[in-house]
Amino acid sequence: METNNSNGSKEFEDSISGSQTSAQANLPFDIVIVGAGSGGVAVSSSLLKRNGNLRIALVDPATKHYYQPGWTMVGGGVFSAKSTERETHKLLDKRVSQIHQFVSKVEPDANSVILQDGSVVSYDQLVMSPGLTLNWGAIEGLEDTLGKNGVTSNYRYDLAPYTWELVQNTKHGKAIFTQPPMPIKCAGAPQKALYLSADHWLKNQCLDNIDIEFCNAGGVLFGVPAYVSGLQSYMDKYGVSLSYNHNLIKVDGEAKKAWFNLTDAEGNKSEICKDFDMLHVCPVQQPPAFISESGLSDQAGWLSVDPFSLQHTQYENIWGLGDVMNTTNAKTMAAVRKQVPVVAKNIISARAGQAPSAKYDGYGSCPLTVERGKIILAEFCYGGRVAPSFPDWLNVGTKPTKLAWWLKSVALPFVYWNMMLKGRELMTNCPEEKV
Ligand SMILES: Cc1cc2nc3c(=O)[nH]c(=O)nc-3n(C[C@H](O)[C@H](O)[C@H](O)COP(=O)(O)OP(=O)(O)OC[C@H]3O[C@@H](n4cnc5c(N)ncnc54)[C@H](O)[C@@H]3O)c2cc1C
């Protein structure tokens with residue numbers, strides 16, 4: 001295996017940074033990681049903690065890394081956007097070679113990934129963590145009006161501050177919050193934006209003048225029943241109209257109109273138009289196209305992996321991590337935190353010729369910011385089994401608590417930047433080991 005570049009090697013060498021020389025980079029890597037988001041950065045550190053001699057390449061065109069769970073707090077006026085952003089290279093161990101390119105295809109039978117400029121990078125083991133694709137264009141007219149005309153989304157770094165601006169400026173009228181079909185990353189994020197907005201309006205005595213509607217393409221408030229009644233009581237408190245089976249399909253920002261496909265109880269479909277003053281949109285989410293184009297997906301296009309070992313169902317030296325996978329866990333950073341040591345440990349085993357032994361239990365969590373200062377912390381594993389991290393007497397779970405708010409606003413960002421991304425594995429049931 002060797003690293004080729006159909007356009008001449010210079011460009012490819014220029015796109016690699018890290019402590020390795022270009023000559024070294026032209027050798028096959030022990031491990032190639034696709035995507036330098038939560039999963040990619042964390043697993044590079046986790047692997048090096050286990051074996052400091054590994055030759056790792058991390059491929060991602062992005063030079064900035066974001067703590068996306070913070071964007072809900074940006075939209076609620078709690079965090080600044082800047083506090084959620086870091087330069088990726090500053091987060092990485094110096095031993096990791098960064099390749100600043102987009103992966104356009106994987107050729108699993110040749111153990112190589114093809115970069116956008118045609119270069120080829122070879123691997124012994126491959127970790128796929130490119131996240132999911134936000135398809136803003138799937139909603140007609142949306143891209144033309146995002147960031148103006150009262151249309152916003154916490155799903156983008158540059159737009160979350162506009163959510164907070166709108167919340168502060170809205171004193172009366174109609175506010176609509178949308179949720180697309182599942183799966184989406186952080187299934188609670190669309191309603192978190194709603195709760196923090198409503199709480200602000202309540203505390204500023206304008207809630208009575210604002211008609212809030214939650215237009216959800218699905219048929220339930222939250223996928224894990226244990227948390228529904230707590231969330232419903234907040235919807236009631238804020239006087240929110242819940243419109244299920246309402247799927248946003250079109251927006252006209254200047255006219256302040258939004259169109260929805262509506263499916264009734266008998267399955268009949270119709271289209272309905274609603275006026276708004278503020279519209280918070282959660283975009284349509286789908287697997288990255290190159291996963292299926294590389295023959296690595298299930299029928300729905302998601303990376304096909306064993307749900308416990310996270311090993312690809314067809315290729316033993318390919319591993320999944322994060323939002324890209326077809327596992328049924330909640331697509332969250334909390335899930336990634338638990339998945340990272342499983343993948344790292346199983347790769348070390350695979351390199352030693354052993355079968356994967358570490359198992360992921362489907363843990364995911366969703367801190368539902370039901371009001372500023374209180375959170376219902378949903379934590380659950382595969383099958384929706386509630387899986388609290390804290391003892392019962394702390395009462396963190398189905399009830400809103402200040403402790404859970406402290407976790408989200410103070411503890412978890414600290415844990416993310418200083419522990420999870422650095423290979424310091426806390427409460428993961430998968431301690432590091434040197435091999
Ligand atoms: C508004 C919002 C609120 C959230 N709230 C929470 C929360 O409260 N709690 C929680 O646990 N989680 C939350 N999440 C979810 C969490 O951020 C994600 O689940 C997590 O970041 C997924 O990590 P990942 O590594 O799979 O993908 P990402 O972190 O999205 O990273 C993917 C990376 O892959 C790169 N990439 C994509 N395609 C390619 C390619 N072809 N080649 C090379 N690189 C590529 C991208 O540039 C990106 O850097 C939230 C997300 C959002 C948007």
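A polar side-chain atom of K408 is placed 3.1 Å from an oxygen atom of the ligand, where a polar contact denotes a pair of N or O atoms within 3.5 Å. The protein covers 91% of the 1000 Å² of accessible area that the ligand has on its own (Shrake-Rupley method, 1.4 Å probe). The model is predicted, with local features requiring pLDDT of at least 70 and side-chain atom pairs pLDDT 80 or more, whereas totals for chains, interfaces and linings use all residues. Residues are numbered from 1 along each chain as its sequence is written, and side-chain values use heavy atoms, without hydrogens and water.

Around the ligand lie 36 residues, of which G39, D60, K192, D323 and A334 come nearest (a residue is near if one of its heavy atoms lies within 4 Å). A backbone N or O atom of G39 is 2.8 Å from a ligand oxygen atom, and a side-chain N or O atom of D323 is 2.9 Å from an oxygen atom of the ligand. At least two shell residues are supplied by each of α3 (38-50), α8 (189-203), α11 (333-351) and β21 (364-371); the largest share, 3 residues, comes from α11. Helices (H or I, at least four residues) and strands (E, at least two) are DSSP runs numbered from the N terminus.

V240 is found in the loop between α9 (228-237) and β14 (241-244). V240 is buried, with a relative accessible area of 12% (buried, under 20%; exposed, over 50%; partly exposed in between; 1.4 Å probe, protein chains only). The C-alpha atoms of V240 and I212, 28 residues apart along the chain, are separated by 5.0 Å.

How values were computed. A polar contact is a pair of N or O atoms within 3.5 Å; within protein, one must be able to donate a hydrogen and the other to accept it, and residues adjacent in sequence count only if both atoms are side-chain atoms.
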